[in-house]
Amino acid sequence: MTNNIIRIIRESIAVKEAICNDEALVQTIQQVANVITGSLQQNHKILFCGNGGSAADAQHLAAEFSGRFYKDRTPLYAEALHCNTSYMTAVGNDYGYDQVYARILRGIGQKGDVLVGISTSGNSTNILEAYKVAKEKGMIIVSMTGFSGGKMRENSDYLLNMPSSDTPRIQESHITVGHIICEIVENNLFP
């Protein structure tokens, strides 16, 4: 049993090592942090969406921006789009679950806002539908996915595709990369 625990931890470490060795991915992480910094400096929003564990990650990362990360500082406008269950169930019922994120973006999305879609497969239909609205509105699209990037790859301005096809390892890396971006943005805005 303990060998299994050690194996899982080593697999997680291996994915993070692969991120460190992927110069293009590291550069994209920096670019995303800069884009989010610039968007927030211009009073825009950072909006997150995901499903299941990726929805939990979206909510976690939004809280790091809107609450605090390392520093006591001004809250930043970041929101996970799934948190209103009455909205989610009404729109899911009336329009279909594939429209839950697209519909809310029609109401609140603005040019210059950043939409972060989180999906281990990169193929979540409701996120892809949201990307269509985000493009119409001139929003910046960041995708956090697994290695292939799925269909989100071609619909993103910035792709953060973790070098793994194993869902738990991808999700662990999404949080690591999300925390790195939060720290960079916080230091950029509150030196």
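**Reading helix packing, cores and exposure**

A: H5 passes H6 in a right-handed crossing, where right-handed means that the near helix is turned clockwise from the far one by less than a right angle, and left-handed anticlockwise. The model is predicted, so local features need pLDDT of at least 70 and side-chain atom pairs pLDDT 80 or more, while totals for chains, interfaces and linings use all residues. Residues are numbered from 1 along each chain as its sequence is written, and side-chain values use heavy atoms, without hydrogens and water.

Q: What angle and axis distance describe the packing of helix H5 and helix H6?
A: Two packed helices are described by the angle between their axes and the distance between the axes. Here helix H5 (residues 100–108) and helix H6 (residues 125–137) pack at about 20 degrees, with axes 7 Å apart. Axes are lines fitted to C-alpha atoms, for helices over the stretch in contact, and angles run from 0 to 180 degrees between N-to-C directions. Helices (H or I, at least four residues) and strands (E, at least two) are DSSP runs numbered from the N terminus. The angle makes H5 roughly parallel to H6; the classes are roughly parallel under 35 degrees, roughly antiparallel over 145, roughly perpendicular from 65 to 115, and oblique for the rest.

Q: Which residues of H5 and H6 make the contact?
A: Contact means heavy atoms within 4.5 Å. H5 contributes Val100, Tyr101, Ala102, Leu105 and Arg106, and H6 contributes Asn126, Ile127, Glu129, Ala130, Val133, Ala134 and Lys137. By class, this contact has eight nonpolar, one polar and three charged residues. Nonpolar covers Ala, Val, Leu, Ile, Met, Phe, Trp, Tyr, Cys and Pro; charged covers Asp, Glu, Lys and Arg; the others, Gly among them, are polar.

Q: At what angle do H3 and H7 cross?
A: The axes of helix H3 (residues 53–66) and helix H7 (residues 167–189) cross at roughly 15 degrees and come within 10 Å. That makes H3 roughly parallel to H7, and their crossing is right-handed. Among the contact residues are His60, Leu61 and Phe65 of H3, with Ile175, Ile181 and Cys182 of H7. The contact of H3 with H7 has six nonpolar, seven polar and two charged residues.

Q: How is helix H1 placed against H7?
A: Helix H1 (residues 2–20) packs on H7 at about 50 degrees, with axes 10 Å apart. H1 and H7 are therefore oblique to each other, in a right-handed crossing. Ile8, Glu11, Ser12, Val15, Lys16 and Ile19 of H1 meet Arg169, Glu172, Ser173, Thr176 and Val177 of H7. These residues divide into four nonpolar, three polar and four charged.

Q: Is Ser173 buried or exposed?
A: Buried means under 20% relative accessible area, exposed over 50%, and partly exposed in between (1.4 Å probe, protein chains only). Ser173 lies in helix H7 and, at 0% relative accessibility, counts as buried. Leaving aside neighbours within four places in sequence, Ser173 is in contact with Val15, Lys16, Ile19 and Met162.

Q: Which residues touch the most other members of the largest nonpolar core?
A: In soluble globular proteins, nonpolar side chains tend to be buried together. A nonpolar core is a set of buried Ala, Val, Leu, Ile, Met, Phe, Trp, Tyr and Cys residues joined through side-chain atoms within 4.5 Å. The largest one has 31 residues, of which Ile36, Phe48, Phe65, Leu160 and Ile181 touch the most other members. Helix H2 (23–41) gives the largest share of this core, seven residues. Ile181 touches Ile29, Val32, Ala33, Ile36, Phe65 and Leu160, not counting residues up to four places away in sequence. A second, separate core of 21 residues includes Leu81, Met88, Ala130 and Met139.

Q: Where do Asn43 and Asn84 lie?
A: Asn43 lies in the loop between H2 and S1. With a relative accessible area of 74%, Asn43 is exposed, and its phi is positive, about 65 degrees, although Asn43 is not a glycine. Asn84 is found in the loop between S2 and helix H4 (85–95) and is partly exposed, at 45%.
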